Amino acid sequence: MLWLVIALTLFIIQILTILVGEFRRPAKAMAWLFVLFLIPVIGFVMYYFLAKEYTQRKKVKRKGLRLVNDIRHLGKKQRSADFQPEEDRLNGWRHEPRLFSLLNNIPGALITMHNEVRVLTDATAAYPAMLAAMEQAKGHIHFEFYTIRNDGIGRQFHELLIRKAQEGVKVRCIFDGIGSYQLDSRFVQELKQAGCEVYFFLPAVIAFFDKRMNYRNHRKIVVIDGIRGFLGGINIGDEYLGANPKLGYWRDTHLELEGDAVYSLQYTFLTDWMFVSGKRLADSEFFPEHDCPGRKPVQIISSGPDEHWDAVLEMFFASITAAKRRIYITTPYFIPDPSITMGLKTAAISGVDVRIIFPQKADSRIVNYASLSYLEELMQAGVRFYAYQKGFIHAKVILIDNLLASVGSANMDMRSFYNNFELNAVMFDKETIHRLETDFILDLKESREVKLEAFEKRSRWQKGKEVIARLLSPLF
């Protein structure tokens, strides 16, 4: 009898620990309690190692403050001072002052005005553009990806990075410790032997014992000589070229930037570099003067669990609630938090045209079930969903009226909102918005609309799997 009392007491302590630790996020608390009831003790061990609130060591924080101050000084070259809200390029400022006030007050996310933007619709466009730009590098290449593979396209980048390093270009690489865990040591060693500096963001073993396994660097950044940059949803691997036999054609969206916004990309890379290497890089060479003639406004928004703001979530929510005419969303994973769900429902009920494209073919079955669990209630409110048929759609794009468009690494899911280190670009010029709208309409033609009446007839077994996946969704 005594052992039963002890076991029950320990179980109650575990429950209380989860409730106290996750009181700010009830959905996450419920998910961990569900795991705890399914697998007692083991569930709590998983919680202990995977759910720790992300914090940085004080030493890293102190270095970060010094780096931020140095880069702020250098960042005066960013001609954001030229920003005039009354300009036609940001005409929406007058009509949506609250939205633009919020965007303009996101810490460290300047709206820069002197930029050129090129939309790259898939990897067949993005990879050649990145390789060509890197080929022209004279001073440095900063290369950061969640996933890089030792396959056909991975070796092309590998060979170019090695050759540029041997030519005297400073090559610095950051790969995520989980996203790139399959990368063999020889691939990395060859980069280092050629003079490339390579670091992994929280490698699996370190992250496990440091209790930060659940926090990943999902960013995709390339910066060449501080004057040209790339970001978006594309990693480095043959599957992005359609080589995965299960998923087929891989539809994604990436951006090529020139101008002041590249300074913001550079700033994000340098802060990540300081974290993984402990080295401060804040020389003026990383923020050179440029002669970009572009006049397109761009805002680079980075977010992560080490920030006080959930910046990408705030941007998504404020944009959705400001929409008057349309909200177009493309996302491979649709697991919105309650605020986004309510924002989309309210917009649709009020007459806004809300359309969401998601993949028919999923690369994660449990995530797909979780995504499907949101469809019925949103369709009842008037949101329209489209299942992409041509292959796997991995683009992360949101269009709000003609006000703005966002492209980046952040999915419309809670992992991107709260756990991952993400990076998105917000564009305000009509040309880029129209270009992304054209892509969206073409994707609609390759998609099948999900009809509410037919969707409601799915089996109880299917609904049960959706319920379980949704309960667990805050954890993945």
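The questions below concern confidence, one aspartate and some aromatic pairs.

Biologist: What is the mean pLDDT of the protein?

Modeller: This is a predicted model, and 77% of its residues reach a pLDDT of 70 or more. Over residues 56-65, however, pLDDT stays under 50. Where pLDDT is low, the predicted coordinates should not be read in detail. For the protein, the mean pLDDT is 85.

Biologist: Which side chain of opposite charge is nearest to aspartate 401?

Modeller: Aspartate 401 sits in the loop between strand E16 (397-400) and strand E17 (404-408). A salt bridge needs a side-chain nitrogen within 4 Å of a carboxyl oxygen, and buried aspartate 401 has no such bridge. The nearest side chain of opposite charge, 4.9 Å away, is that of arginine 325.

Biologist: How far from a polar atom of the side chain of aspartate 401 does the backbone nitrogen of arginine 325 lie?

Modeller: Aspartate 401 touches several residues, including Lys324 and Arg325. The backbone nitrogen of lysine 324 is 2.8 Å from a polar atom of the aspartate 401 side chain. For the backbone nitrogen of arginine 325, the distance is 2.7 Å.

Biologist: Are the planes of phenylalanine 334 and tyrosine 374 stacked or edge-to-face?

Modeller: Phenylalanine 334 is buried, at 2% relative accessibility, and tyrosine 374 is buried at 4%. Their ring centres are 6.2 Å apart. Planes over 60 degrees apart count as edge-to-face; here the angle is 85°, so the pair is edge-to-face.

Notes. Residues numbered from 1 in each chain as written. Predicted model: local features only at pLDDT ≥ 70, side-chain atom pairs only at ≥ 80, totals over all residues. Heavy atoms only, no water. pLDDT = per-residue confidence, 0-100. Contact = heavy atoms within 4.5 Å. Helix = DSSP H or I, 4+ residues; strand = E, 2+ residues; numbered from the N terminus. Buried < 20%, exposed > 50% of the residue type's maximum accessible area, 1.4 Å probe, protein only. Lys, Arg positive; Asp, Glu negative; His and termini not counted. Polar contact = N/O pair within 3.5 Å; in protein donor to acceptor, adjacent residues only side chain to side chain. Phe/Tyr/Trp six-rings, centres within 6.5 Å; stacked < 30°, edge-to-face > 60°. Lists of a residue's contacts leave out its neighbours within four places in sequence.
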